[in-house]
Amino acid sequence: MQEKACSWYIWVRQAVREVNQSGGNSLSAVVSLVNSMIDQAILWRVSDLHLEPMRDGMRVRYRRDGLLQEDVRKLPKEIEAAVISRLKVMAGMDIVQRQRPQDGHIRYERDGKKWLDIRVASMPVTNGEMMVLRFMNLEDEMLKVAELGFSKRNQQKFETLIHRPAGMLVICGPMNSGKTTSLYAAMNALNVSEAKLITLEDPVERDLAGVNQVQINPKVGLDYVTGLRAVLRQDAEKVLLGEIRDSQTAEMAVRIALTGHLLMTTLHTEDAPSVIFRLLEMGIKPYLLAATLSGIVAQRLVRCVCPACRCSHVVEEGSCEAALLGDSYEPGMVLWHGRGCIHCGGTGYYGRMALHEVLVMDDCLRQAVLQQCERQEFSHIAVEHGMESLWQDGILKVKAGFTTLAEVRRVLYGS
Ligand SMILES: [Zn+2]
């Protein structure tokens, strides 16, 4: 982060003076410091703010567009405890308890009218207490299916899948790959007065008007399995299940899909074909899977080229980019990248979009599940039957100038 952008830092010196003089009794500068840190994070479109105690002060890091960036300056050791205590008070946490991890929640007033949900989690570490603030509903608008970044072909497939009357649709990908956003967009598209929609979520991430949202609460015995069993008696058509975590939930989900409901859920797998094998490993019988699974969407988020500093370059023959493009390379081809500017904090990227891999089950793929084909063979059949891989979708978006090859490679292969 740029040093000049750290407006919250003007409060630090005052807060240090205050803490040293008052011994922690009157801390208005600490309050202003914390508020201004939160405001700055919102302004920077930060998804998570990390406060990490080090020996020489508190390290401040931000996650923006999926990447962690460190602030150039640390918070002085003297005010560390005061800042953590202030955040604990705001989040309704126990300020005396410093030995155990705690969770809290801040409803932060923004611009005098809008409310922002911030989830706070603390954890004791050797140098003090570590804290992470997660900003929940930063993007106010609910995305529509057309805004999810699908290619035209994949969007058609996705829309067909969500408008089917029954069956199971699984969205997969690692943490923070936008799975919930896609599910919510699908739910929104299905949200008409003729259909009863129920969601089972842990936690409920966003309010969906017209949808019956159930917060999973294992403390009172309401887990995913109990919730799904109750859904069967609620005369619902479409069910959103937050996540399949174990075999019991998987079995119930299949049962729901088998009894004439559309069930949409998520799984943590790398790609679309892996979902089939994960569900089989969880004990789902191949014939039940073949009968219920209608489609799988794998997704990842890549950073977009910053619109304020984007510029083009010609891909040289024999260059690294040309090699990565493979068959997609054409001589004289032009791609886009960001030079870095104030708007994007010098990174050349601004905002994110999704890459997708959409697998629609057809008779041939069902047969492959029934015959319990090898994983590789299954992927091969899926591609033959029209599935474009995440990499292929990435190339398409690079060619369209939305993102860069380096970014797609980083997200899909880590380098
Ligand atoms: Zn820029």
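Visitor: How do the axes of helix 6 and helix 7 cross?
Guide: First, this is a predicted model, where local features need pLDDT of at least 70, side-chain atom pairs count only at pLDDT 80 or more, and totals for chains, interfaces and linings use all residues. Residues are numbered from 1 along each chain as its sequence is written, and side-chain values use heavy atoms, with hydrogens and water left out. Now, the axes of helix 6 (residues 224-231) and helix 7 (residues 247-258) come within 9 Å and cross at roughly 15 degrees. That makes helix 6 roughly parallel to helix 7 (angles under 35 degrees count as roughly parallel, over 145 as roughly antiparallel, 65 to 115 as roughly perpendicular and the rest as oblique).

Visitor: Which residues of helix 6 and helix 7 meet?
Guide: Tyr224, Val225, Leu228, Arg229 and Val231 of helix 6 meet Gln248, Thr249, Met252, Ala253 and Ile256 of helix 7 (contact means heavy atoms within 4.5 Å). By class, the residues of this contact are seven nonpolar, two polar and one charged.

Visitor: OK, new topic. At what angle do helix 1 and helix 2 cross?
Guide: Roughly 150 degrees, and the axes of helix 1 (residues 10-22) and helix 2 (residues 28-43) come within 8 Å. Helix 1 and helix 2 are therefore roughly antiparallel to each other. Among the residues making the contact are Trp11 and Val12 of helix 1, with Leu33 and Ser36 of helix 2.

Visitor: And what about helix 1 and helix 3, at what angle do they cross?
Guide: The axes of helix 1 and helix 3 (residues 77-90) cross at roughly 85 degrees and come within 9 Å. That makes helix 1 roughly perpendicular to helix 3. On the helix 3 side, the contact is made by Glu78, Ile79 and Ala82. This contact of helix 1 with helix 3 has six nonpolar, one polar and one charged residues.

Visitor: How many cavities of 30 Å³ or more does a search of the whole structure find?
Guide: One. The largest cavity has a volume of about 30 Å³. On a 1 Å grid over the protein atoms alone, a cavity is a set of points where a 1.4 Å probe fits but cannot get out, and lining residues have an atom within 4 Å of a point.

Visitor: Which residues line the largest cavity?
Guide: Val34, Met37, Ile38, Leu49, Leu51, Leu87 and Leu133. Helix 2 gives the largest share of that lining, three residues, and strand 1 (46-54) supplies at least two. The lining has seven nonpolar, no polar and no charged residues.

How values were computed:
Axes fitted to C-alpha atoms, helices over the stretch in contact; angles between N-to-C directions. Helix = DSSP H or I, 4+ residues; strand = E, 2+ residues; numbered from the N terminus. 1 Å grid on protein atoms, 1.4 Å probe; cavity = no way out; pocket = protein on both sides within 12 Å on 5 of 7 lines; lining within 4 Å. Points joined across faces, edges and corners; volume = space filled by probe spheres on them. Nonpolar A, V, L, I, M, F, W, Y, C, P; charged D, E, K, R; others polar.
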